[in-house]
Amino acid sequence: MGEQIAKANGASPAVVPYDGILLSDEQRADFDRDGYFIARDAIPAELLERLIEAQDRVYADQKAKGELAKADQSMHLMGFLHRDKVFLELLELPTVLPLVWGILGWNIHAYHHHIDVHPPIPKDVRKTWRWHQDGGRQNLEIESEPVRPLLSIRTAFWLSDVSEPGRGNFMCIPGTHKTSRLPRPEDLTLDFEHPEGAIEVCPNKGDVVIFDRRIYHGRSDNYSELTRRAMFIGWTYRWIAPHEDRIITPEHPWWNDLTPIQQQLLGAGQDAISYWGLGGDTYPLREYLRERGLLDPKVNNTR
C-alpha cells in the first residue's frame with residue numbers, strides 16, 4: 001500500500017510515505033506523557049465496511065464451531081490476520097503504519113493480533129478484574145525496575161462506536177507506562193472499584209488507539225445496546241518472537257500478493273541474524289524510509 005496505492009491510481013508517488021502522514025510532535029508528546037493517543041478517522045469508510053463484513057464471517061464460523069464464550073456469546077480470538085485477506089490491509093494502513101514506525105523504528109514486525117466481538121451484557125453481571133500490562137514473561141524475566149522497557153506497542157482498530165463510556169471501551173490509567181506496579185484487591189470475588197486514575201477511552205467508529213504495551217489497561221463491560229467490535233495488532237522488534245503461530249509464510253498462497261513491507265511485517269527475513277539488523281539481508285521498510293530521508297541518525301532505532 002502507501003506508494004503502491006498512488007501508482008495504482010495513476011498519481012505521482014508521495015514525497016513522504018503514506019500520503020505524507022507522519023507521527024506528529026503532539027502525538028509523540030501524548031504518547032510519552034499518557035501512554036496512548038487516538039488517531040481519528042484512521043480507517044477509511046470503504047475499508048471499514050469490508051472489515052466488518054469479514055469480522056462477521058469469522059464470528060459466524062466460530063459460532064458454528066461452538067467456540068464463542070458460553071456466558072455472553074463473545075469472541076476474543078487470538079490470531080486473525082490469516083482468516084480473511086482484507087485483514088492484511090491493516091498491516092500497511094497508510095494512516096497507521098507511520099505512527100508505528102515513528103515510535104519503534106523500522107526493524108519491526110506484527111507479532112501479536114486478536115479480534116474481538118462483545119455483545120451487550122446485563123448491568124447486574126459481576127465486574128471482572130482485567131487490569132494488566134502487556135508482555136507476559138517479559139515483565140518477569142527482564143531486570144528493569146522501576147520502569148520496564150517499551151519493547152512493543154498496540155494498535156486498536158475500532159469497528160464500533162465507543163464514543164461513550166460503558167460500551168466495552170479500552171480502559172487505561174494514563175501515565176502508568178512509567179511504573180511497574182499496580183495495587184489490586186486481595187479478594188477479586190468481591191465487588192471492587194476501578195483503580196485510581198482509570199478512564200474509559202472513547203474513540204469513534206473508524207478511529208485507532210495507539211498505546212504503549214506497558215500502560216495498565218483493560219476493557220470496560222458493554223452495557224450499551226451496541227455490539228463492541230475491535231481488532232488489535234501488536235508491533236515489536238523483529239528479534240522478539242511472535243506471540244501467535246505464523247500462518248502466512250512464503251509457502252502460503254497469499255504471500256506473493258503482499259508488498260515487500262507487508263512481508264517484512266509478517267516475519268520475512270533472509271536468515272536469523274537479519275532480525276537483528278545484521279548480515280546481508282535487505283530491509284524493505286528501512287529502504288523505503290531511507291530513500292525519502294526519513295531515517296534520523298540521532299534516533300537509535302531509526303539508524
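I count a salt bridge when a side-chain nitrogen of Lys or Arg is within 4 Å of a carboxyl oxygen of Asp or Glu. By this rule I get 20 salt bridges.

Ground rules next. I am working on a predicted model, where local features need pLDDT of at least 70, side-chain atom pairs count only at pLDDT 80 or more, and totals for chains, interfaces and linings use all residues. Residues are numbered from 1 along each chain as its sequence is written, and side-chain values use heavy atoms, with hydrogens and water left out.

I looked up aspartate 56. It bridges to arginine 229, with the closest N and O atoms 2.6 Å apart. Aspartate 56 sits in helix 3 (45-64) and arginine 229 in strand 9 (228-237), so the pair ties together parts 173 residues apart in sequence. Helices (H or I, at least four residues) and strands (E, at least two) are DSSP runs, numbered from the N terminus.

Buried or partly exposed? I use relative accessible area: buried is under 20%, exposed over 50%, partly exposed in between (1.4 Å probe, protein chains only). Arginine 229 is buried at 17%; aspartate 56 is partly exposed at 37%.

I then checked aspartate 134. It forms a salt bridge with arginine 154 at 3.2 Å between the closest N and O atoms. Both aspartate 134 and arginine 154 are buried.

Last, cysteines. I searched the whole structure for disulfides (cysteine sulfur atoms within 2.5 Å) and found zero. For cysteine 172, the nearest cysteine sulfur is that of cysteine 202, 10 Å away. Cysteine 172 is buried at 0%, while cysteine 202 is partly exposed at 23%.
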